[in-house]
Amino acid sequence: MKKAIATCCAALVAALPVMAETIPYDQVKKFNGNVKATADGFQIVKRCWMLGTKRIKFEPEAKYKISVELKIDAADAEKARVNIGFHPMCQGQVISGQEVFFVPGSDTELAAPVKPGDTVITVKDAFKWSSGNSTLVVFDCDPSGKLRDLPNRNSLGFIKSVNRSKNEITLAKPAKVALDAGTAVRQHQATWSFLGNVKCPVATEWQTFTMTTVPGVAAGVRDNPRYKMWPKGDALVPVISTMTPLQFRNLTVEVIKEDAAK
């Protein structure tokens, strides 16, 4: 009986109507530059991250699918490196993972001033700081612990090492700013450059490439940040990153969600 009920429930879920909205990016003005129109579609004229200018409102229950046809000229094929996906936005600005993903419990204060050129900083409590790679120090954090400073773009730079016993943080490169003792700081974690970041093995003939997000918001760097929206993100834009000129056409974004109300 239980098996029959489970089968019935699964069938009902599968039968939920799926709603999809398709958003075309079909004019030069819908891209952020370095794009020209061609007889077949468009060309990215040089190495860049090409972003769509139309921001798509983020809804946690939805999936977002980018689809695009790509082709590369034979002269550029050997150096080709192309990736597609979505860039998260917050209040009209792009955000990077390192601005919103943090090491839990790492909020503290500077125990001594920092001046330009310093490579070692002292904090009041480094016990929860991670010694892992791709982490950095951000400053002017929300001292209440409510994370109201996110996305935090105030970076002292990446971390080379952490000495918890001495509460010392060694920077990978010398500091470029001066900070007072007592400044609120936190350890942040870098992650994917943008959602998806899917490699596209482009060729001299048109091929279609796609990438689809996962519903929800990533709780941390281990919670699928490659495919889930990042904290504080309120919109998405499609992105194509390329190391060479590149042709593209039929770039669309689908917003896909199940309509549980029907």
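Visitor: Which residue is the bridge partner of V18 in strand 18?

Guide: The partner is E258. Before going on: this is a predicted model, in which local features need pLDDT of at least 70, side-chain atom pairs count only at pLDDT 80 or more, and totals for chains, interfaces and linings use all residues. Residues are numbered from 1 along each chain as its sequence is written, and side-chain values use heavy atoms, with hydrogens and water left out.

Visitor: What makes strand 1 and strand 18 a pair?

Guide: Strands are DSSP runs of E with at least two residues, numbered from the N terminus. Two strands pair if DSSP finds at least two bridges between them. Strand 1 (residues 18-25) is joined to strand 18 by eight bridges, so the two pair, and they run antiparallel.

Visitor: Which other strands pair with strand 18?

Guide: Strand 3 does, over three bridges in the antiparallel sense, with I44 opposite L246. Strand 6 (residues 63-71) does too, over eight antiparallel bridges, and there K71 stands opposite Q247.

Visitor: Why is the pair of F42 and F248 called stacked?

Guide: Rings of Phe, Tyr and Trp (its six-membered ring) pair if their centres lie within 6.5 Å; planes under 30 degrees apart count as stacked, over 60 as edge-to-face and the rest as tilted. By this rule there are seven aromatic pairs. For F42 and F248 the centres are 5.3 Å apart and the planes are at 25°, so the pair is stacked. It links distant parts of the chain: F42 is in strand 3 (residues 42-44) and F248 in strand 18 (residues 246-258), 206 residues apart. Both residues belong to one aromatic cluster, formed by Y25, F31, F42 and F248.

Visitor: How do you know whether F42 and F248 are buried or exposed?

Guide: Buried means under 20% relative accessible area, exposed over 50%, and partly exposed in between (1.4 Å probe, protein chains only). F42 has 9%, so F42 is buried. F248 has 0%, so F248 is buried.

Visitor: What makes R226 a charge over the ring of W192?

Guide: A charge sits over a ring if NZ of Lys or CZ of Arg is within 6 Å of the ring centre and within 35 degrees of the ring normal. R226 lies over the face of W192, at 4.4 Å from the ring centre. The charged end of R186 likewise sits over the ring of F102, 5.8 Å from its centre.

Visitor: Why are strand 9 and strand 10 at the edges of their sheet?

Guide: The sheet is open, with six strands in the order 9-14-11-12-13-10 and antiparallel pairing. Strand 9 (108-109) and strand 10 (120-122) each have a single partner strand, so one side of each is left without a neighbour in the sheet. Within this order, strand 11 (residues 135-139) is joined to strand 14 (residues 184-189) by five bridges, and F139 stands opposite V185.

Methods:
Helix = DSSP H or I, 4+ residues; strand = E, 2+ residues; numbered from the N terminus.
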